Amino acid sequence: MEPVATGQISVLKQQLAGIAGGLPAADALRVLHDAELGAQEAYDWPWQCWPVYVAETPALADEVARIFEQADTTRLNEFELGIFRNAQGLRRADPDLQALGNFLGNPGFVLGQIGTLAPAFLVELAQMAFAEKRWRIVAAAAGKLLRERPWAEQSPQMARLLDLLFEMLFFATYRPAMPLYIRDPSVLLGQLDALAAAPHLQDILARDSITAHVFRAGRLALEGKLDEALPLYTKANNKRGFSTPVIRQYQTVLETGAIEGDEAAALESWYAGRSHVRHMFRHEGAKHALLVGCNQHYFDLYAALYLESVGVMSPGALVHLHILNGDMAPADLEAQLDAWEAAYGVQLNYSLEANEIAADQPEYVPAISACARYLSLPDFLDAYDTVTITDIDGWVDAPHSSMTVDEGDVRISSWIWRKGGGYWRLPWSNLAAGLLSVKATEAGCAFARRVRHYLINVTRTNVALGRQLFYMDQVALFLTLRQMADAGDIHVGFLRGGFEQSEEQRFGVRHEGKRQAMVKKIEELRQQVSTN
């Protein structure tokens, strides 16, 4: 989530303190929703924001517990009581998403209850279902509220609530349609056009709001009309106001082409004052490198398993580790790399980056960790003929030689680019930043520079405004490649496999699930290689 302002915590604490005890459960939920919406101009889901709130101000845990524990639940049926208890479980230092998954485990039953629920329970249920990707439930709950507007009195946060419900309805339409999108784009586009034309949604879309601008931009982007979509994303970026969690991904979309001359020099100067990189080439003369970027946490969790997979599939391959704000002593790091080289039969170079933004503002660590490899890509193309970038929390399942660039400049992993015929997903989801190869051609190097400048530009802008950086690597790669390809300045090829990772995303077990999947897959790869 975005950085939490002190004022935001103060507003929330004040509003929670004003909620009387003993309210009927539905009223307690309603005033809690108003408090959450009112305190956050950049709204985040309860399971994302409450751990941060409680860490910043532990007394908030007592306030929210008081509201739930003192509420009158005597008239609730079993299903309503389940929503209420799960709502409390999401507003803790350690949100209980596992219990939520069990609660929503029978979608048919849940859908059958929607017609009986009070508005506040529907708002809560829609958010819970969004967490679990139960799109039919999200669409049913949010759609009913948007159609019927069943509020006895206007909430002071009504405009914000309507934006949040519309976002949920939008994505409950968009996400399930993706698997069939390439086969028949007209289905999803027709569904979105129906939303845009629905009479009960006109007041939401008629406002000069971030939600309205981003919805229209997204609809244009899906049809390949990026020249029309980008100005709307820019309009949203230039507007201050309420934004919702998924729609807020637009904040990394900039309307820009190549950045050169004084503007590029200014960006480089700004970033040089905040990022300091040392490249350590233990092995000289390698033509091809696998490049992974990580912070110390991901290095500790995944580096050994990743390198083991490389050793199984590509003995002797060179891997370049780009480590952000690492804390190992130099001698210990060198000893660890020596041990891994001996154990897995790979060669290891590395870079150490001291990044002040990530050090001073921990909320930006995940995004900067993901982008660091691309920010230093121009340097790596000076050192290697071809660089293949992968994530570190997965396994290489093909020889490195199959992922290099023999002809052309760049190879990407993007099924929609290969098959889309001019139709796209939203700008941050068209290609995988975790699998891409670049050759040190003139065009490949120009691509790397343009991506670097885009990333610095977004970082400088969004850090100053306290905005998010998530997905800026995927946006930078997509928009830069599209602009260069449309101009005939780069040749784009495709990667079909070579790297995979577990899709485990469950709260609290994500890392362990990914590691277990890596261990299992490495053993399968080892058996596959020995058989062949």
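**Helix packing and overall fold**

Trainee: Is the crossing of α5 and α8 left-handed or right-handed?

Mentor: This is a predicted model, where local features need pLDDT of at least 70, side-chain atom pairs count only at pLDDT 80 or more, and totals for chains, interfaces and linings use all residues. Residues are numbered from 1 along each chain as its sequence is written, and side-chain values use heavy atoms, without hydrogens and water. A crossing is left-handed if the near helix is turned anticlockwise from the far one by less than a right angle, and right-handed if clockwise. The crossing of α5 and α8 is left-handed.

Trainee: At what angle do helix α5 and helix α8 pack?

Mentor: Helices are DSSP runs of H or I, at least four residues, numbered from the N terminus. The axes of α5 (residues 78–90) and α8 (residues 119–131), lines fitted to C-alpha atoms over the stretch in contact, are 10 Å apart. The angle, on a scale from 0 to 180 degrees between N-to-C directions, is about 60°.

Trainee: Which residues of α8 make the contact?

Mentor: Contact means heavy atoms within 4.5 Å. From α5 come Phe79, Glu80, Ile83, Phe84, Asn86, Ala87 and Leu90. From α8 come Phe121, Glu124, Leu125 and Met128.

Trainee: How many residues of helix α19 are buried?

Mentor: Buried means under 20% relative accessible area (1.4 Å probe, protein chains only). Among the buried residues of α19 are Cys371, Arg373 and Tyr374. Helix α19 (residues 365–375) is largely enclosed by the rest of the structure, because its buried residues number 8 of the 11.

Trainee: What share of the residues in the protein is buried?

Mentor: The C-alpha trace spans about 75 × 50 × 45 Å along its principal axes. Of the 532 residues, the buried share is 54%.

Definitions and conventions
Buried < 20%, exposed > 50% of the residue type's maximum accessible area, 1.4 Å probe, protein only. Helix = DSSP H or I, 4+ residues; strand = E, 2+ residues; numbered from the N terminus.
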